[in-house]
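Hi,

Here is the structure I said I'd pass along. Have a look at it first, and then read on for my notes on what turned up.

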Amino acid sequence: MIGLEAIYILLGAMFAAFAISQAMDRCWRSALFWGCFALLLACGSWLPDLASGALVVVLAVLATVGLKPAKAAMADEITRAESAQRLGNLLFVPALAIPAITLAGTFLLPLIMLNGSPVVDSKQVTLVSLAVGAFVGLVFAMVLLRAPVTTAMKEGRRLVDAIGWAAVLPQALAALGGIFAIAGVGKVVAQLATGYIPMTEPVVAVVVYTTGMALFTIVMGNAFAAFPVMTAGIGLPLIVGKFGGDPVIMSAIGMLSGFCGTLLTPMAANFNIVPAAVLELKDRNAVIKVQVPTAFMLLFANTALMALFVFHR
């Protein structure tokens, strides 16, 4: 059965290729960093916990001292402009293929059976479809651009070099959110909130919950990491338990409130740092600065929606 393990192995192979490329250029820090990350992705399920922890420490040390990657070779501006003019709107085909294939795969892959069993894990069908879509998009791009496989590796390396160590933040912060939930950080948050803020009115609990989701997401860079902490501390015991709110509405709008924080933080590297790197913007925080007004308006709207609907079943 195809599941997350296959995707992690594929990702590990990709980052291993980047590490080998850096090693060939004698950029040992970058080679070691991406090599350790590749090992965690590809072999994390089989590595002892102590070994995984040691690799994470190595990643943290290397990120602190700096990776200092070599500058990857790329096509000159004239060549890129001529290629863009020649292809025109066909350049969008690889990018649009990814969501189209992901959507189609989400509905069709569960129907594929082998000896009466599904070929793809039903719980991971969307992520597997996304991986297939990314691979097909890559093939489309190589065919359109008439580029060899090495070009894809070089461009991928150039992108991760531009992003730097922040590329590993989504995985690291999601893991941190799980640790926080197990450690009972949600209870501590609840004690602090109820100790300093009077929770006598339902609307106060809603404001604290939505604002807390946004703030925790800013700190952790991932709304999925903030969700278990704020929901265990404020959402379930107060909005649902004390005031009788609808857990479904609370969860849905709570996640949307967390996404407002995603718009405001460089910790959400995949949303805010990657676009700046791809567009080669001089200001790495330019994307965040543009999103600030939208983030605050959406947070206000989400808070109002939850206050209006969460207590009406």
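Asp 161 and Arg 157 sit four residues apart in helix α7, so about one helical turn separates them. Helices here are DSSP runs of H or I with at least four residues, strands are runs of E with at least two, and both are numbered from the N terminus. The side chains of Asp 161 and Arg 157 meet in a salt bridge, 3.3 Å from N to O. By salt bridge I mean a side-chain nitrogen of Lys or Arg within 4 Å of a carboxyl oxygen of Asp or Glu.

Before going further: this is a predicted model, with local features needing pLDDT of at least 70 and side-chain atom pairs counting only at pLDDT 80 or more, while totals for chains, interfaces and linings use all residues. Residues are numbered from 1 along each chain as its sequence is written, and side-chain values use heavy atoms, with hydrogens and water left out.

Back to Arg 157. Its other partner is Asp 25, with the closest N and O atoms 2.8 Å apart. Through shared partners, Asp 25, Arg 157 and Asp 161 end up in one network.

How covered are they? Arg 157 is buried at 4% relative accessible area, and Asp 161 is buried too, at 17%. Asp 25, at 41%, is partly exposed. The cut-offs are under 20% for buried, over 50% for exposed and partly exposed in between (1.4 Å probe, protein chains only).

Helix α7 also holds the pair Arg 158 and Glu 155, three residues apart and separated by about one helical turn. Their salt bridge has its closest N and O atoms 2.8 Å apart. Arg 158 is partly exposed at 23%, as is Glu 155 at 30%. The search of the whole structure finds four salt bridges.

Val 143 is found in α6 and is exposed at 60%.

Cheers
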